[in-house]
Amino acid sequence: RRNYAATVDALSMAPPADVAARYTVAIAVVAGPPAGFQVSATPIGTQATDRCGLLTIDQAGNRTAVTNRCW
């Protein structure tokens with residue numbers, strides 16, 4: 001049965017230091033069916049003014065950003 005961690009902490013790992021300095025990473029779980037997830041990276045600090053803004057990716061590899069050509 002497929003299920004996903006609901007938080008970054010539940011993965012027993014942390015984002016790399018260079019990512020954590022620029023983004024707050026969060027996971028949203030979709031109960032389904034089928035089960036799924038979306039990971040979001042919200043820019044912080046100096047990265048907050050980046051044109052790409054909020055970045056997301058889901059279990060199917062679908063990626064979004066505020067503008068094009070950010071992934």
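**Entry 1, the core.** I began with the largest nonpolar core, which has five residues, namely Y23, A41, C52, L55 and C70. I kept in mind that this is a predicted model. Nonpolar side chains tend to be buried together in soluble globular proteins. I then took C52, one of the core residues, and listed its contacts while leaving aside neighbours within four places in sequence: C52 is in contact with A65, V66, T67 and C70.

**Entry 2, the sheet.** Next I looked up how the strands are arranged, and found an open sheet of four strands in the order β1-β2-β3-β4, with antiparallel pairing. The edges are held by β1 (23-30) and β4 (63-64), and each has a single partner strand, so one side of each is left without a neighbour in the sheet. Strands of a sheet pair through backbone hydrogen bonds, in either a parallel or an antiparallel way.

I went through β3 (residues 55-58) with its two partners in turn. Strand β2 (residues 36-43) is joined to β3 by four bridges, and the two run antiparallel; within this pairing, V39 has I57 of β3 as its bridge partner.

**Entry 4, the hairpin.** Between β3 and β4 the hairpin has four residues, and there I noted that G61 takes a positive phi near 85 degrees.

Is D58 buried or exposed, and which side chain of opposite charge is nearest? D58, which is found in strand β3, is buried yet has no salt bridge, and the nearest side chain of opposite charge is that of R63, 8.5 Å away. Because a salt bridge needs a side-chain nitrogen of Lys or Arg within 4 Å of a carboxyl oxygen, I recorded none for D58. I did find a polar atom of the D58 side chain 2.9 Å from the backbone nitrogen of N62. Not counting residues up to four places away in sequence, D58 touches F37 and Q38.

Last, I checked A14, whose place is in the segment before α1 (17-20). A14 counts as exposed because its relative accessibility is 57%, the cut-off for exposed being over 50%. I also looked up its spacing to V25, which is 11 residues apart from A14 along the chain, and the C-alpha atoms of the two are separated by 9.3 Å.

Methods
Residues numbered from 1 in each chain as written. Predicted model: local features only at pLDDT ≥ 70, side-chain atom pairs only at ≥ 80, totals over all residues. Heavy atoms only, no water. Core = buried A, V, L, I, M, F, W, Y, C linked by side-chain atoms within 4.5 Å. Buried < 20%, exposed > 50% of the residue type's maximum accessible area, 1.4 Å probe, protein only. Contact = heavy atoms within 4.5 Å. Pairing = 2+ DSSP bridges. Lys, Arg positive; Asp, Glu negative; His and termini not counted. Polar contact = N/O pair within 3.5 Å; in protein donor to acceptor, adjacent residues only side chain to side chain.
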